[in-house]
Amino acid sequence: MNFEYNQDQQAFKDSVSKFLRDQYDFESRQAIVKSEAAFSKEVWQSSAELGWLSLPFSEEQGGFGGSAVDTILLFEELGKNLLVEPFLETLVLAGGVLRRSATPLANSYIEPLIAGELQGALAHFEARSRGKLTAIDAQAQITAAGFEISGQKSVVYNAPSADILVVSAIVASDAQQAGELLLFVIEKDAAGLSLQSYPTVDGREAAEVSLNKVQVSAGQLLARGEQALSILEATLDEALLAQTAEMVGAMDVLLQTTVEYSKERKQFGVSLSKFQVLQHRMTEMLMAAELSRSLMYAAAIKLRDATDDARLYVAAAKVKADKCAQLCAQAAVQLHGGIGTTDELKVGHYMKRIEVIRQLFGGADFHIERFKALQKSS
Amino acid sequence: MDLIISQENIDFRDEVRAFLDESLTAELRRAGERKTSYFPHVEASFKWQKILHDKGWLVPEWPLEHGGTNWTDEQRSIFLEECSLNNAPGLLPMGLGMLGPMLLKYGTEEQKSEILPRMLSGEDVWCQGYSEPGSGSDLASVQMRAVSDGDSYILNGSKIWTSFAMDSNKIFCLVRTNPEVKPQAGISFLLVDLDSPGVTVEPIVSMDGEVEQCQVFFDDVRSPKSNLVGAENQGWEVAKYLLEFERGGSSFSVYVEKMLASTKAIAAETTTFSGTSYSEDPVFSSRLAELEIDNMALTFLEHRIKATAAAGGNPGALSSMQKLVGTELSQQVDELALELRGNYVAPLQNHVLEPSYEGETVGPASGVHIMNHYLNNRASTIFGGTSEVQRNIMSKLVLGL
């Protein structure tokens with residue numbers, strides 16, 4: 001077994017890390033969050049120039065041909081620096097469905113995406129889904145020209161900035177293929193598509209997406225039935241792994257910041273770092289981060305190698321990181337004391353991002369149930 | 001031993017309920033329902049204070065001549081419980097719950113007659129100046145100086161984590177009047193007018209984006225010596241009494257009970273992806289039940305503490321246990337509630353938490369406070385002595401370690 005990145009991967013990781021260290025300290029991040037724009041266009045453009053946006057796409061699609069291991073490498077660094085730029089939404093979610101379906105229309109969006117000129121979002125989950133991929137109600141009626149879609153999608157991150165939305169729907173009950181899952185790509189200015197946009201607690205933008213008899217052509221269909229489901233599954237697995245990596249990166253920073261603070265801050269005449277109970281709590285944080293990282297590596301390797309148990313490992317890694325990241329965030333706030341509860345310090349912002357990640361695509365209980373189901377079926 | 005509730009108390013509960021039904025407007029109830037903090041929504045709390053004051057129920061535990069009610073301990077518990085479960089907005093505790101009882105014990109007759117009526121009427125709003133940037137849980141290390149100058153003190157230094165200083169006009173402070181002696185022996189308890197020249201109040205934004213805390217700066221601020229409570233350099237005894245009040249005086253189980261009731265109600269109307277309600281979900285309902293059992297234990301711990309106090313005993317370090325268990329339990333309820341809120345933890349919509357807001361919410365209206373409550377409530381195991389400090393107190397005072 002070997003858990004080292006290869007030379008190219010390490011060089012890439014170093015370059016991502018250096019760029020973010022130079023360009024994305026916490027103050028810059030807060031300035032971006034407080035600005036009118038949803039995120040920094042400059043950072044997005046730089047990430048395109050540095051090749052980050054080509055990472056998961058195949059060489060035929062103009063990409064770098066990276067694997068799940070490259071995904072965790074990038075997202076660990078994004079998580080450390082708490083980036084608000086929509087890498088998960090554009091690159092992993094919308095980009096993930098586009099590259100896996102590879103229809104002519106899908107492929108036509110990939111080049112501008114890699115160039116940093118196109119933003120995307122995945123409008124799949126609905127208020128009742130709670131992480132379950134098949135729990136959706138949006139309907140597609142079959143029309144002479146293609147389809148007519150109606151439904152409501154919930155908490156769609158990056159929808160306000162997106163040029164295209166990847167939208168799912170179920171074939172309406174009166175048609176021949178009733179109940180079949182369909183995936184479409186829809187430009188955001190399509191008639192009948194409307195957004196209720198809002199800022200999010202983790203410094204980004206999202207929207208409730210309404211589809212009211214949106215007309216789409218047959219060419220906008222990306223996949224249907226079993227193929228659509230397996231594309232969604234693979235895309236969500238990659239997204240869950242990316243979220244896991246973000247949490248692992250966040251845990252490293254929370255631990256490091258807390259250890260530093262405990263050495264500086266004095267109470268009862270001594271540094272906090274001298275209190276055994278606090279030393280032990282920081283050791284718990286260390287263990288949380290390292291256990292999560294270990295399972296994340298295993299899941300990434302299995303996903304890259306497409307092993308039979310890859311999905312099981314992704315579910316396990318997400319569950320472990322969910323629990324561990326919450327532990328780290330809570331310990332970091334507690335050990336910082338009053339100052340840890342303020343908007344000024346970064347630990348609270350990590351806490352908010354972690355809590356959003358924990359809930360966005362189904363909570364820990366849901367993924368534990370999924371893990372159990374995957375165990376039974378393997 | 002008995003757990004009997006008398007007919008008299010059953011009638012009393014009905015009387016309280018009838019009063020609450022009549023006096024809690026929809027807006028006041030919303031303030032209670034969407035409360036994201038241990039503290040109330042300030043404007044709603046002022047309205048509620050006036051209603052209670054008019055009724056004569058504002059400070060049930062005070063002596064009758066100062067506005068109390070002569071209720072029994074059980075009746076006071078019933079009142080607090082009914083207020084909480086009926087989503088009454090709550091009251092700011094610094095004056096009515098902390099300084100008031102303290103003055104009744106340590107204040108001069110003049111201080112009582114001058115300060116207490118203005119506190120009850122809401123004319124004066126008090127905040128607590130204990131913590132300083134360098135002294136959090138280590139309260140004996142306060143540095144803010146009070147230097148004697150004729151009939152007054154001249155104050156320099158700053159206080160931090162001063163809850164609602166921006167809505168207050170008065171502050172009670174621990175100040176250092178003698179730096180030469182051991183830390184506890186050189187502290188005095190002083191009342192200061194926040195409108196005095198040289199006072200600056202700066203709000204601190206919390207991670208949920210709201211402002212409850214402030215830092216208060218004192219730059220050559222003058223305060224008369226008649227504003228001392230207790231003697232000069234005797235402030236530590238007064239402060240300790242107040243801290244015990246802060247930790248033990250309020251009922252944490254009632255607070256947790258309300259959180260549990262609200263979580264249960266939301267669980268009943270929220271469904272898992274398969275369409276069953278969370279109340280029926282075996283995993284979720286077991287986790288909720290476990291927290292309910294924990295809170296039942298806390299409830300009776302608190303009953304025992306009150307019974308001890310009523311019999312003239314000193315519950316001592318049990319108030320640390322109550323604060324520690326109550327706040328940690330409330331945080332566990334918060335965590336469970338996040339699971340119910342699901343992906344709707346994400347929208348930032350602090351404006352809908354205003355009691356006057358009647359418009360649409362993103363995601364179900366019934367749980368809009370959940371994420372903010374979770375974030376805000378992380379402070380509860382820090383303020384009033386951290387959980388770590390409470391454990392130290394118990395190991396020292398109870399276990400003798």
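Start by selecting P60(B) and showing its surroundings: leaving out residues up to four places away in sequence, P60(B) touches G68(B), T69(B), W71(B), R76(B) and F79(B). Touching, or contact, here means that the two C-beta atoms, placed from the backbone, lie within 7 Å.

A word on what you are looking at. This is a predicted model, in which local features need pLDDT of at least 70 and side-chain atom pairs count only at pLDDT 80 or more, while totals for chains, interfaces and linings use all residues. Residues are numbered from 1 along each chain as its sequence is written, and chains are lettered from A and ligands numbered from 1 in the order in which they are written.

Stay with P60(B) and show the cartoon around it: this proline sits in the loop between helix 3 (42-55) and helix 4 (73-85) of chain B. Helices (H or I, at least four residues) and strands (E, at least two) are DSSP runs, numbered from the N terminus. Buried would take 20 or more other C-beta atoms within 10 Å, exposed 12 or fewer, and partly exposed is in between.

Next, select residues 93-106 of chain B, which form helix 5. This helix of 14 residues reaches 18 Å from first to last C-alpha, close to the expected 20 Å, where the expectation is 1.5 Å times one less than the number of residues. Zoom in on L99(B), where helix 5 bends by about 35 degrees; a proline, P101(B), follows within four residues. The bend is the angle between axes fitted to the seven residues ending there and the seven starting there. L99(B) is also among the buried residues of helix 5, which include M94(B), M98(B) and L103(B).

Now colour by chain and look where the two meet: 34 residues of chain A are in contact with 34 residues of chain B. On chain A, helix 10 gives the largest share of that side, 7 residues.

You will find 11 helices and 10 strands. Its C-alpha atoms fill a box of roughly 80 × 50 × 40 Å along the principal axes, and buried residues make up 54% of its 378 residues.
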